[in-house]
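Visitor: Please show me the protein, and then let us go through it by question and answer.

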Amino acid sequence: MCHALLQTPAFYTVLRRVDEDLARLVREKGCCHCGKPLHSADYPRKPRGCPPVARLQCDSRLSLCCSNCRRRTTPESVRFLGRRVYLAIIVVLRSSRAHAVCLGGLPQVGAVTLERWRQWWSEAFPGTPAGRWLPGQLPPSSTPDRRLMSLSIDHRNRWARLRFSVIGPLLASPPDKGELQQAFHALAAKVWRHPITGADVQFGVSTIERWFYRARHVQDPVDRLRNRLRDDCGHFVSLSPAIIEALVQQYRMHPG
Ligand SMILES: [Zn+2]
């Protein structure tokens with residue numbers, strides 16, 4: 001792939017068009033639960049490390065909502081990999097050690113995140129439908145860096161403790177009915193200390209709300225608040241064999 005392409009706005013326009021086509025195909029089939037028409041209900045996205053030239057084309061994840069049963073259908077995407085906060089193209093290129101030296105224009109990714117992605121490619125991805133379909137196309141698997149993996153565990157523990165310290169008071173002394181939202185807003189207005197960098201950090205109401213409902217009524221709330229393997233792990237809905245085939249074809253046509 002020509003790396004100058006990654007700094008070209010038109011490249012991201014093409015990716016968005018592909019996503020729009022994928023969404024149109026899904027929409028034409030109707031709701032997979034009840035068969036009724038699907039309406040647009042895109043998610044706003046602010047991908048981390050998004051090159052400035054890509055922002056306009058990568059500010060939403062196309063999604064559909066059923067007009068009858070209200071259930072969501074989120075089509076496959078070439079811009080986003082599941083719920084990862086980085087753009088798909090950055091996950092793919094940054095994961096490759098071979099490309100590491102020639103991606104100067106692309107945003108840096110933390111060493112722990114990178115090691116987690118590489119481990120995912122070498123351990124989980126080959127077991128997915130897309131991974132089984134694509135033998136031999138993957139970069140050589142890497143041996144996990146034990147030091148980085150234990151750092152990753154340490155980071156997850158620190159995040160879990162911070163989340164617990166944010167919502168702990170609400171768990172210990174639940175506010176009266178009707179006052180919960182107010183309590184979420186009060187916590188969102190506070191400034192916290194980032195558990196890794198020590199910098200000031202704030203959290204949105206919906207994030208705090210999610211932590212609260214996740215940790216409520218469980219034996220070990222700190223454990224429940226620890227990041228765990230995503231429930232879409234092993235499915236990788238965003239990369240179907242058809243999309244991978246298109247990417248491989250494109251790679252073969254423009255190697256280098
Ligand atoms: Zn439906």
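Visitor: In which loop does V109 lie?
Guide: This is a predicted model, in which local features need pLDDT of at least 70, side-chain atom pairs count only at pLDDT 80 or more, and totals for chains, interfaces and linings use all residues. Residues are numbered from 1 along each chain as its sequence is written. Helices (H or I, at least four residues) and strands (E, at least two) are DSSP runs, numbered from the N terminus. V109 lies in the loop between α2 and α3.

Visitor: Is V109 buried or exposed?
Guide: A residue is buried if 20 or more other C-beta atoms lie within 10 Å of its own, exposed if 12 or fewer, and partly exposed in between, with C-beta atoms placed from the backbone. V109 has 20 other C-beta atoms within 10 Å, so V109 is buried.

Visitor: Which residues is V109 in contact with, leaving aside its neighbours within four places in sequence?
Guide: Two residues are in contact if their C-beta atoms, placed from the backbone, lie within 7 Å. With neighbours within four places in sequence left aside, the contacts of V109 are G49, Y86, R94 and L114.

Visitor: How many residues of α2 are buried, and which are they?
Guide: Helix α2 covers residues 88-95. Six of its eight residues are buried, so α2 is largely enclosed by the rest of the structure. The buried residues of α2 pack against α3. They are A88, I89, I90, V91, R94 and S95.

Visitor: At what angle do α2 and α3 pack?
Guide: Axes are lines fitted to C-alpha atoms, for helices over the stretch in contact, and angles run from 0 to 180 degrees between N-to-C directions. The axes of α2 and α3 are 9 Å apart, and the helices pack at an angle of about 85 degrees. Angles under 35 degrees count as roughly parallel, over 145 as roughly antiparallel, 65 to 115 as roughly perpendicular and the rest as oblique. That makes α2 and α3 roughly perpendicular.

Visitor: How do the residues of the contact of α2 with α3 divide into nonpolar, polar and charged?
Guide: From α2, V91, R94 and S95 meet L114, W117, R118 and W121 in α3. Ala, Val, Leu, Ile, Met, Phe, Trp, Tyr, Cys and Pro count as nonpolar, Asp, Glu, Lys and Arg as charged, and the others, Gly among them, as polar. The division is four nonpolar, one polar and two charged.

Visitor: How far apart are the end C-alpha atoms of α3?
Guide: The expected span of a helix is 1.5 Å times one less than its number of residues. Helix α3 has 14 residues (111-124), so it should span 20 Å. The model agrees, with the end C-alpha atoms 19 Å apart.

Visitor: Which residues in α3 are buried?
Guide: An α-helix has 3.6 residues a turn, so residues three or four places apart point the same way. The buried residues in α3 are E115, W117, R118 and Q119.

Visitor: Is W211 buried or exposed?
Guide: W211 is found in helix α7. Leaving aside neighbours within four places in sequence, W211 is in contact with R163, V166, I167 and L225. W211 has 24 C-beta neighbours inside 10 Å, so it counts as buried.

Visitor: What separates the C-alpha atoms of R214 and R224?
Guide: R214 lies in helix α7 (residues 205-215) and counts as partly exposed, with 14 C-beta neighbours inside 10 Å. Not counting residues up to four places away in sequence, R214 touches R224 and L225. R214 and R224 are 10 residues apart along the chain, and their C-alpha atoms are separated by 6.9 Å.

Visitor: What is the phi of H217?
Guide: H217 is found in the loop between α7 and α8 (221-224). With 9 C-beta neighbours inside 10 Å, H217 counts as exposed. Most residues other than glycine have a negative phi. H217 is not a glycine, yet its phi is positive, about 60 degrees.

Visitor: Over which residues is the pLDDT below 50?
Guide: The pLDDT is the predictor's confidence in each residue, from 0 to 100. Its mean over the protein is 81, and 75% of the residues reach 70 or more. Where pLDDT is low, the predicted coordinates should not be read in detail. The pLDDT is below 50 over residues 229-237.
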